[in-house]
Amino acid sequence: MRSDARGTTSTVAHRWLADRVTAVWDLVTGRPVSLYAASVLRIGYGLLYLVFLLREFPHRNEIWGPGSPWTPALAQELFEQTGWNSILGLSDSRAYFECCYGLALLASALFTLGWRTRAVSVLFAVVVASFHGRAIFMTDGGDNLVLLMALYLVLTGCGRRWSLDARRIRRKAQGKGSAPAPRSSPTVRELHDARTTLVTVVHNCGMFVIAAQVCFLYGSAGLYKVQGASWGGGTALHYALNLELFRPWPALSQFVAEYTLLVAVAGYLTVLLQVAFPFVLFGRLKYPVLTLLLGMHIGIALLMGLPLFSGAMIIADAVFLPDRFYVSVSRLCRRAARRSDGGRPASAPPAERRTVPAQSGPGAFDSTSPVAVPTGGRQRSEPSGQPPTRPC
């Protein structure tokens with residue numbers, strides 16, 4: 001009797017484990033996840049770095065160019081010790097530096113727009129890494145996070161939504177219409193399926209790494225704060241508000257610092273949010289937590305003068321919002337635009353404008369057969385034969 005019970009329990013456990021492994025494998029290889037979130041990261045970091053470069057345009061030579069106190073010779077000496085490299089170190093010419101700066105502006109703009117995203121994402125990562133390494137002693141946590149995200153986004157299909165690439169593929173699909181697809185040999189189909197599966201796996205792994213990086217960042221920051229006496233005593237934010245280095249508006253900082261009780265509560269809440277963040281991602285509690293974190297980062301940008309760091313963190317938090325959230329926001333924006341268009345009721349768009357390229361295989365990134373997307377209902381449908389996209 002006992003041996004039969006043990007055998008039954010072992011069989012159930014093995015079956016449960018096999019089901020879990022199969023589910024994880026299907027999730028990783030079946031379809032690309034969080035395509036809208038990846039596009040938001042692309043737009044956010046591309047635009048953030050573009051604004052950063054434009055903001056520092058008058059000081060570009062003193063920060064990254066030949067006129068920097070950290071001379072190209074010193075930078076090259078550091079590169080030899082660390083193994084880092086930069087395209088800015090290939091020449092000391094001012095003209096070469098200006099060309100590199102123009103290239104950085106162009107790469108950031110094209111990456112934001114999603115033009116030839118596969119190739120431009122590599123160029124954007126090279127640009128960010130080069131400028132980061134050239135002025136390594138002037139960077140902060142925001143610069144480090146932008147660098148990491150630029151490298152991770154190379155692995156993702158961040159140009160599949162809200163990009164010029166997606167628009168081009170959609171128009172190509174509309175142009176073909178209902179024309180029958182050309183027949184191909186079984187070998188070609190197998191190679192195509194293998195390629196699309198590989199692209200899907202790389203994309204999903206990239207999105208997982210991005211989510212894990214943000215969780216690790218919040219968790220480690222919270223645990224470090226717990227060990228500090230000032231955070232445990234509730235005085236850390238009070239000291240931060242009175243540091244001259246982080247007071248862009250001294251009057252505003254002084255005004256906030258006078259509310260000592262609220263400042264102490266905000267300090268404890270900050271530690272609680274950061275420590276608890278990795279544990280609330282799989283429930284609805286993550287939405288109020290993300291909202292509070294948004295307010296925290298806005299406060300850091302205003303009171304401490306760290307807009308790049310705050311912007312990088314706010315964009316990184318977007319990876320945890322499901323695609324249905326972005327689809328709903330996009331639908332609401334379109335409705336608001338139609339209502340504001342002279343107050344005239346907008347007619348329903350033609351069917352050919354409500355098509356998106358479907359995926360011919362598991363996780364395909366280059367299918368061209370259109371699938372109609374209904375505008376009504378509570379949830380937008382995904383490409384043919386696929387379940388709704390879930391958050392990473």
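Arg-247 and Glu-244 form a salt bridge, their closest N and O atoms lying 3.5 Å apart. A salt bridge here is a side-chain nitrogen of Lys or Arg within 4 Å of a carboxyl oxygen of Asp or Glu. The structure holds four of them. This is a predicted model: local features need pLDDT of at least 70, side-chain atom pairs count only at pLDDT 80 or more, and totals for chains, interfaces and linings use all residues. Residues are numbered from 1 along each chain as its sequence is written, and side-chain values use heavy atoms, with hydrogens and water left out.

**Confidence**

- The mean pLDDT of the protein chain is 83; pLDDT is the predictor's confidence in each residue, from 0 to 100.
- Of the chain's residues, 83% reach a pLDDT of 70 or more.
- Helix 5 has the highest mean pLDDT among the elements, at 96.
- Strand 2 (residues 370–372) has the lowest, at 39.
- Helices (H or I, at least four residues) and strands (E, at least two) are DSSP runs, numbered from the N terminus.
- Over residues 345–392, pLDDT stays under 50.
- For that stretch the model has 111 contacts beyond four places in sequence, a contact being heavy atoms within 4.5 Å.

**Salt bridges**

- Side chains of opposite charge can pair when their charged atoms come close.
- In the Arg-247 pair, Arg-247 is buried at 14% relative accessible area, whereas Glu-244 is exposed at 61%.
- The accessibility classes are buried under 20% relative accessible area, exposed over 50%, and partly exposed in between (1.4 Å probe, protein chains only).
- Glu-98 and Arg-94 meet through their side chains at 2.8 Å, N to O.
- Both residues lie in helix 5 (residues 94–113), four residues apart, about one turn of the helix.
- Glu-98 is partly exposed, with a relative accessible area of 25%; Arg-94 is also partly exposed, with 40%.
- Arg-60 joins Arg-94 and Glu-98 in a network of salt bridges.
- Asp-165 and Arg-168 form another salt bridge, at 3.0 Å, N to O.
- Asp-165 and Arg-168 sit about one helical turn apart because three residues separate their positions in helix 8 (residues 164–176).
- Asp-165 is buried, with a relative accessible area of 9%, while Arg-168 is partly exposed, with 36%.

**Nonpolar surface patch**

- Trp-249, Leu-252, Phe-255, Tyr-259, Leu-262, Leu-294, Ile-298, Leu-302 and Ile-314 form a nonpolar patch on the surface.
- Together they have about 860 Å² of accessible area, computed by the Shrake-Rupley method with a 1.4 Å probe; for residues, only the protein chains shown count as cover.
- Helix 12 (250–257) and helix 14 (286–304) are the elements that give two or more residues to the patch.
- Helix 14 gives the most, with three residues.
- Patches are made of residues with over 30% relative accessible area and no salt bridge: like charges are joined within 9 Å, nonpolar side chains (Val, Leu, Ile, Met, Phe, Trp, Tyr) within 5 Å.
- Leu-262, one of the patch residues, lies in helix 13 (residues 260–276).
- Leu-262 is exposed, at 58% relative accessibility.

**Aromatic pairs**

- The count comes to 16 aromatic pairs.
- Rings of Phe, Tyr and Trp (its six-membered ring) pair if their centres lie within 6.5 Å; planes under 30 degrees apart count as stacked, over 60 as edge-to-face and the rest as tilted.
- Phe-255 and Tyr-259 have ring centres 5.5 Å apart and planes at 75°, so this pair is edge-to-face.
- Phe-255 is partly exposed at 47% relative accessible area, and Tyr-259 is partly exposed at 43%.
- Both residues belong to the nonpolar patch.
- Ring pairs also link a cluster of Tyr-49, Phe-52, Phe-57, Trp-64, Phe-97, Tyr-101, Phe-111, Phe-124 and Phe-131.

**Backbone**

- Most residues other than glycine have a negative phi, and most peptide bonds are trans.
- Ser-34 is not a glycine, yet has a positive phi of about 55°.
- Ser-34 is found in the loop between helix 1 (2–30) and helix 2 (35–55).
- At 0% relative accessibility, Ser-34 is buried.
- Trp-162, also not a glycine, has a positive phi of about 50°.
- The loop between helix 7 (141–153) and helix 8 holds Trp-162.
- Trp-162 is partly exposed, with a relative accessible area of 35%.
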